[in-house]
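Have a look first, then we'll talk.

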Amino acid sequence: MSDMQHTTLGLLGGGQLGRMFTSAARTMGYDVVVLDPDPTSPAAHFATRHLCAPFDDPAALETMAQSCAAVTTEFENAPAASLEFLARRCPVRPAPSAVAIAQNRIQEKTFFRDQGFPVGPFAVARDPAEFRLALADVKFPAIIKTARFGYDGKGQYRVQTPQEALAVLADHPQVLPAVIETLVPLRLEISVLLARGADGQVALWPIAENRHRDGILDLTIAPARIREELAARAGKIATEIAERLDYVGVLAVEFFVTGIDTLFVNEMAPRPHNSGHYTLDACVTSQFEQQVRTLCGLPLGNPELLRPAAMVNLLGDLWANGTPPWEAIFQEPDAKLHLYGKQAPRPGRKMGHFTVLGNSASEALEKALRLRAALGMPD
Ligand SMILES: Nc1ncnc2c1ncn2[C@@H]1O[C@H](COP(=O)(O)OP(=O)(O)O)[C@@H](O)[C@H]1O
Ligand SMILES: [Mg+2]
């Protein structure tokens with residue numbers, strides 16, 4: 001696959017992560033076939049070919065298997081059977097087995113705990129009987145998270161008491177199977193982004209510091225303003241997770257930090273991550289280029305940070321009064337605007353992001369806060 005001419009890569013899922021992967025792959029000379037049922041898929045704009053079909057469509061999967069040298073995914077909910085079908089025909093990276101663990105919170109949390117990684121207190125609730133038992137195990141306040149298909153805080157319910165938890169179950173029986181986690185007193189949230197090649201080589205980007213709003217990532221600061229020792233510990237845990245999974249591709253691990261630098265692993269994403277978007281503008285090698293490299297068996301690129309950065313997500317809410325005043329961003333010479341080409345700016349929907357560079361993480365953060373205010377975003 002070192003001959004880049006006419007080599008075709010396959011992508012399951014055509015959202016913004018897929019769009020940025022496709023852009024990187026095409027920049028490097030690859031053709032990209034995207035499978036996504038959405039006719040307005042953001043990735044399709046950049047793709048060589050868009051297979052507009054369900055993720056388990058046999059004809060589309062066959063076309064992909066025939067035309068692609070290797071296949072990757074941009075979301076964790078690609079059907080296991082589709083990934084396994086493709087994996088019998090060509091390299092699929094990351095492997096379906098790793099994606100399967102990450103796509104189910106019960107398997108994911110249990111994997112972390114069984115492998116000795118630090119996780120916060122949680123209990124598994126597969127059915128109503130187990131749910132009731134779990135309520136005795138967990139301290140409150142707690143958070144109930146559906147095991148599958150939750151993202152951006154969706155499928156999550158915060159509850160103060162076991163009674164409230166039972167009321168949630170009565171109103172939303174489809175939350176099961178679920179995990180129930182004790183709410184951890186967060187001092188900070190950080191994420192570790194890494195790429196691991198088929199040869200076991202690992203490249204770590206600087207740790208990112210993340211701020212959420214209503215369960216959705218709002219802002220990322222890189223490098224995280226944390227002690228060296230904490231950064232090293234988080235990097236080591238994420239690397240070990242990748243090694244235990246024999247992971248090939250880009251992996252993100254989200255952590256909670258409490259008290260005096262106690263670390264809990266929250267969840268992992270078997271793909272590039274929203275908190276790694278800053279790598280597009282601030283690092284020698286972006287997370288999307290690295291995804292291409294790991295997929296194609298190329299050596300890893302240098303993940304080094306060229307300048308500190310802050311990234312702000314632009315949600316559909318910002319379009320309430322029409323097109324946002326982008327001049328504010330274009331007037332800042334160290335800012336970069338990224339829009340995903342999505343048609344309907346629904347509230348909470350990720351429409352784009354901007355990254356701004358600074359001489360320090362704190363200066364980048366200050367600029368980002370100034371720009372978000374200029375766009376009329378609430379602080
Ligand atoms: N156990 C917890 N304690 C404290 N805050 C939490 C807990 N679980 C989730 N949160 C908050 O909700 C956010 C989203 O939860 P997460 O498990 O990462 O789900 P998602 O898949 O939606 O990102 C977290 O980044 C964090 O801010
Ligand atoms: Mg998360």
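Q: How do you know that β1 and β2 count as paired strands?
A: This is a predicted model, and in it 5 bridges join β1 (residues 8-12) to β2 (residues 31-35). Pairing asks for at least two bridges, so the two strands qualify. They run parallel, and L12 stands opposite L35 in β2.

Q: What is the strand order of the open sheet?
A: The 4 strands come in the order β3-β2-β1-β4, with parallel pairing.

Q: Why are β3 and β4 called edge strands?
A: Because each of them, β3 (49-51) and β4 (70-73), pairs on one side only.

Q: Where does helix α1 lie, and at what angle does it run to β2?
A: Helix α1 (residues 16-27) lies across β1 and β2. Its direction makes about 160° with that of β2, on a scale that stops at 180 degrees.

Q: Why is G18 called buried?
A: G18 has its place in helix α1. The label needs 20 or more other C-beta atoms within 10 Å; G18 has 29 C-beta neighbours inside 10 Å, so it counts as buried.

Q: Which residues is G18 in contact with, leaving aside its neighbours within four places in sequence?
A: They are L11, G13, V34, A43 and E74. The cut-off for such a contact is 7 Å between C-beta atoms.

Q: How far apart are G18 and P42 in sequence and in space?
A: G18 and P42 are 24 residues apart in sequence and 7.6 Å apart in space, C-alpha to C-alpha.

Conventions. Residues are numbered from 1 along each chain as its sequence is written. Chains are lettered from A and ligands numbered from 1 in the order in which they are written. This is a predicted model: local features need pLDDT of at least 70, side-chain atom pairs count only at pLDDT 80 or more; totals for chains, interfaces and linings use all residues. Two residues are in contact if their C-beta atoms, placed from the backbone, lie within 7 Å. Axes are lines fitted to C-alpha atoms, for helices over the stretch in contact, and angles run from 0 to 180 degrees between N-to-C directions. A residue is buried if 20 or more other C-beta atoms lie within 10 Å of its own, exposed if 12 or fewer, and partly exposed in between; C-beta atoms are placed from the backbone.
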